[in-house]
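Thanks for making time this morning. I would like to walk you through one structure, beginning with a pair of helices and ending with a sheet.

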Amino acid sequence: MARGLVVLAALACALVGRLAFTPSLSASFGRAADRGVAARQRTLTQRQADQSMLRPYGPVVTYAKALMDAAKEKGEDVKVTQDVLKVKDLFKVEDWLMKLLNIQNDPSLTEVAKGEEIIKTLSPLKSTVMPKFIVFLAKKRRLKGLKIIMLEYVQSMYFKESITPVKVTSAQRLSSEQLDKIKEKMLAKVGTTDVKLVPEVDPTLLGGIVLEWGYTDPENLYAPTHGLDLSLKNILNKKALQKGVVDAL
């Protein structure tokens with residue numbers, strides 16, 4: 001019996017030692033994990049509707065720039081942007097994605113005919129440029145790249161306007177003066193001409209703030225590439241970890 005207790009005590013000490021000396025993870029680790037889970041939880045319809053094999057550089061940038069240039073030439077910058085946001089948001093609507101998949105997988109349709117059918121599902125569009133652009137993509141056999149090109153357009157638009165969206169999460173609602181100070185600090189940090197603060201309240205933070213910016217989708221604030229956790233919850237977690245290390249020594 002005594003020997004069994006000694007063995008259990010030894011195992012417990014070993015476990016504490018492992019936990020105590022586990023290296024701390026960066027603040028972005030949890031968010032990266034969440035993004036991975038979100039990606040895996042995308043429906044089959046959503047995954048199949050975006051099989052362009054395009055990545056956010058090279059051709060994607062070229063196509064997004066072509067759309068911007070056409071919008072500027074026709075004087076339809078605002079209307080095209082409204083159409084882009086509409087198309088981008090439709091990629092979250094399951095019913096529309098099913099229509100898109102049916103069109104993409106219809107063997108009786110040529111690429112241009114598929115483009116024309118897609119335009120019908122988007123009706124009404126505000127600009128004359130967007131329908132022509134979709135037909136252009138069809139001729140280039142890039143219809144499946146529509147989603148990522150729309151995302152690149154939005155990112156480029158924010159970059160062009162030199163605006164950085166920053167999500168500010170706090171335990172309690174921040175005052176206007178506090179938000180102004182945060183905006184001033186973030187302007188110096190990100191280096192753009194303007195910062196768009198998006199305040200949110202999360203009581204579980206206990207106190208302080210969490211800042212997130214550098215979003216891959218700045219319109220919907222998806223997947224931040226930079227973050228700063230100044231919350232009381234994070235400070236207490238670090239203190240608890242340090243105490244665990246000390247107690248294990």
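Predicted model: local features only at pLDDT ≥ 70, side-chain atom pairs only at ≥ 80, totals over all residues.

**Helix packing and a mixed sheet**

Helix 6 and helix 7 cross in the right-handed sense, where right-handed means that the near helix is turned clockwise from the far one by less than a right angle, and left-handed that it is turned anticlockwise. Residues are numbered from 1 along each chain as its sequence is written, and side-chain values use heavy atoms, with hydrogens and water left out.

Helices and strands here are DSSP runs numbered from the N terminus, helices being H or I with at least four residues and strands E with at least two. On the helix 6 side the contact (heavy atoms within 4.5 Å) is made by Trp 96, Leu 100, Ile 103 and Gln 104, and on the helix 7 side by Lys 114, Glu 117, Ile 118, Thr 121 and Leu 122.

Turning to the sheet, four strands form an open arrangement in the order 2-1-3-4, with mixed pairing, and two strands count as paired if DSSP finds at least two bridges between them. At the edges are strand 2 and strand 4 (222–231), each of which pairs on one side only, and neighbouring strands are turned by 25 degrees against each other on average, direction ignored.

Which sense does the pairing of strand 1 and strand 2 take? Strand 1 and strand 2 (residues 194–201) are parallel over eight bridges, with Thr 164 partnered by Val 195 and Ser 170 opposite Val 201. Strand 1 (residues 163–170) has seven of its eight residues buried, so it is largely enclosed by the rest of the structure, buried meaning under 20% relative accessible area with a 1.4 Å probe, protein chains only.

Strand 3 and strand 4, by contrast, run antiparallel and are joined by eight bridges, Gly 208 having Ser 231 as its bridge partner. Their hairpin has four residues between the strands, and there Leu 221 takes a positive phi near 55 degrees.

Notes. Buried < 20%, exposed > 50% of the residue type's maximum accessible area, 1.4 Å probe, protein only. Axes fitted to C-alpha atoms, helices over the stretch in contact; angles between N-to-C directions.
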